[in-house]
Amino acid sequence: MTDYPVNMGVTPQVQGFFDEATNTISYIVKDPASDACAVIDSVMDIDYAAGRITYDHADALIRQIEDQGLRLEWIIETHVHADHLSAAPYIQEKLGGRIGIGSKIMVVQDTFGKVFNEGTEFQRDGSQFDALFEDGDTYMVGGMTCFAMYTPGHTPACMVHVMGDAAFVGDTLFMPDGGSARADFPGGDAGQLYDSIQKVLALPDAMRLFMCHDYGPNGRDIAWETSVGDEKAHNIHVGGGKTRDEFVKFRTERDATLAMPRLIIPSLQVNMRAGKVPTDKDGNPVLKVPVNGL
Amino acid sequence: MSDDILSKISASNGAGSPKVIGFYDEETGSCQYICICPETRHAALIDVVQTLDPKSFSTGFAPAKWALDYIAERGLELEWILDTHPHADHLMAGAWLKEQTGAPTGIGEKVRDIAALWRDYYNMPDAFPVDPHFDRLFAEGETFKIGNLDVKVMLSPGHTLGSVTYVVGDAIFAHDTLMMPDAGTSRCDFPGGTAAELYDSIMRILDHPDAFRVFIGHDYGTDSRDEPAWESTVGQQKRENIHLKDGASKAEYVVRREKRDATLALPDRMLAALQVNLRGGRLPEPEEDGKSYLKIPVNKF
Ligand SMILES: [Fe+2]
Ligand SMILES: [Fe+2]
């Protein structure tokens, strides 16, 4: 296993922003030693029925960054989300920063380039992003060394980002009572997801874990922070030493019962372009929807 | 699956009066009809739904199949496939039904003007030629037959600018003008809709004799009524319709209607539906990969 530069001695300040429409949590992560920060998994608002895109959630993030006088260095996507649209380009336009995602985005672009019958003008080389991370790649937020850990399974391009004693797990694990993310999207794989989750659980027990989604199972309040130790002990899908086979069987059976996310088509189409809305030949923003294509 | 479809029979009231089978699409709250001439056993289908899952955009024909089964089992002869307007809340099944049966399709002629509006929204200047997609485009006052039954076409703008009402003997297919008396009237805030025109259209419908049956386009039940319903009479509508019964003037009605419309979300399927319905229920021409694609304009609404 890759040797990751874990440094539990750095404790970044983490602010979570919950998006009620999609149950997504976006984060601002601040380097404790400077005013540098990163944004993780931002959200663009969409009224799908009306085709209307707005930026209330992203504006709230931007306001926080401005009010606290922070400098945005990175806009990270843990993966190509299928349930919400990323606001990365909007935030970049207002505050700067580099947009980064896993290098396997190219696999996702290839898959969905076909699904949406994109023309050759849609590049499938990840060039819409400013940085493409490989497993174990490091980058700096101010003085804080961060690294990306390759964690496929939910999608082929998923990465967990670790910043000091905080790890942003994307859609691998959910809160202990929520279990794990689904693995049935194109290129997803339950066995790979299990292996990826083991990589996360191999981090120090005290590592803080921040979720990308929470649905408040069994009526509890929305929550998004837990720890490696907690997940190992209590996660209902992988905790307490569940085997790979048990997990794969359970995950596959469960996924077969799940409906498609409401926003899957606009999400993939926009997010595989790093959050940019495609345009028609006259430059008007437009989504292209395959009928009977998913 | 198709066994789950809720249907109700409204008997003929004698010569010149159709037997009407209403059947319901749960997903969209749409009321669809088989209108039958009891003498000749000729039938027309009105406002039949093509299903669309708004998440995956997969389509289906369960209600249309239900209707064709009904027609086949009873030895009816399908004479017309009619729609009252290009619906915004569901895809129509007209093109598919025509493919299956060869019966001609019909809708109001002002669909041409509706198409012009939507060409702009979609930025598709050459789309929706309309004429090739329908066999008949009915004008106000036009008449035709379903078997021996006389059908009169009434232009009923308001919900859209080109909605038509089919009056078949004593049965009025009023689509999205009136709703059930306990639910009121239809919204007018889609492109080309106006509350003032809807009011006038409703008044023309209510000019018919009190005993005439009114079959509506949508019902979702109400807080005090779970079971969907779609049949009332002109008399009932005049006495009981919650948007009309207190003798509201046209001006008052318009204010109320517009206020209420401002609170309504757009239907889930609208941007997909118009694109298909203005093609008579056909999907766009497939691209070279064999799949059809819809365009969802962003920030036009
Ligand atoms: Fe995801
Ligand atoms: Fe309608």
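Predicted model: local features only at pLDDT ≥ 70, side-chain atom pairs only at ≥ 80, totals over all residues.
Figure 1. Of the 301 residues in chain B, 59% are buried. The secondary structure of chain B comprises seven helices and 17 strands. Its C-alpha trace extends over about 55 × 50 × 35 Å along the principal axes. The radius of gyration of chain B is 18 Å, which agrees with the value near 19 Å that a compact globule of 301 residues would have. Among contacts in chain B with a separation of 6 or more, 65% join residues 24 or more positions apart.

**Figure 2. Surface and charged side chains of chain B.** Chain B exposes about 11,900 Å², and 49% of this area comes from carbon and sulfur atoms. Chain B carries 31 positive and 47 negative side chains. The centres of these two sets are 2 Å apart.

**Figure 3. The iron ion (ligand 1) and its donors in chain A.** Three residues coordinate this ion: A:His79 through NE2, A:His154 through NE2 and A:Asp171 through OD, at 2.0 to 2.3 Å. Along the chain, the donors follow the spacing H-x74-H-x16-D. A:His79 is in the loop between β6 (71–76) and α2 (88–95) of chain A, and A:Asp171 is in the loop between β12 (166–168) and α4 (190–201), so the pair ties together parts 92 residues apart in sequence. A:His79 is buried, at 1% relative accessible area. A:Asp171 also counts as buried, with a relative accessibility of 4%.

**Figure 4. The iron ion (ligand 2) and its donors in chain B.** Because B:His85 sits in the loop between β7 (77–82) and β8 (91–92) of chain B and B:His159 in the loop between β12 (149–155) and β13 (164–168), the pair ties together parts that are 74 residues apart in sequence. B:His85 has a relative accessible area of 1% and is buried. B:His159 is buried as well, at 5% relative accessibility.

**Figure 5. Surroundings of A:Ser42.** A:Ser42 belongs to the loop between β3 (36–40) and β4 (45–47) of chain A. The relative accessible area of A:Ser42 is 0%, so this residue is buried. Leaving aside residues up to four places away in sequence, A:Ser42 touches A:Ser26, A:Leu61, A:Glu77, A:His84, A:Leu85, A:Ser86, A:Ala87, A:Ala88 and A:Ile91. One of these, A:Ala87, is 45 residues from A:Ser42 in sequence, yet their C-alpha atoms are 5.4 Å apart.

**Figure 6. Positive phi at A:Ala274 and B:Asn299.** Most residues other than glycine have a negative phi. A:Ala274 has a positive phi, near 60°. This alanine lies in the loop between α7 (264–271) and β15 (286–290) of chain A. With a relative accessible area of 3%, A:Ala274 is buried. Phi of B:Asn299 is likewise positive and near 60°. B:Asn299 falls in the segment after β17 (293–297) of chain B. At 43% relative accessibility, B:Asn299 is partly exposed.

Methods. Residues numbered from 1 in each chain as written. Chains lettered and ligands numbered in written order. Heavy atoms only, no water. Helix = DSSP H or I, 4+ residues; strand = E, 2+ residues; numbered from the N terminus. Rg over C-alpha atoms; globule rule 2.2 N^0.38 Å. Buried < 20%, exposed > 50% of the residue type's maximum accessible area, 1.4 Å probe, protein only. Contact = heavy atoms within 4.5 Å. Areas by Shrake-Rupley, 256 points an atom, 1.4 Å probe, with all protein chains shown as cover. Lys, Arg positive; Asp, Glu negative; His and termini not counted. Charge placed at Lys NZ, Arg CZ, Asp CG, Glu CD. Donors = N, O, S within 2.8 Å, 3.2 Å for Na, K, Ca; no water.
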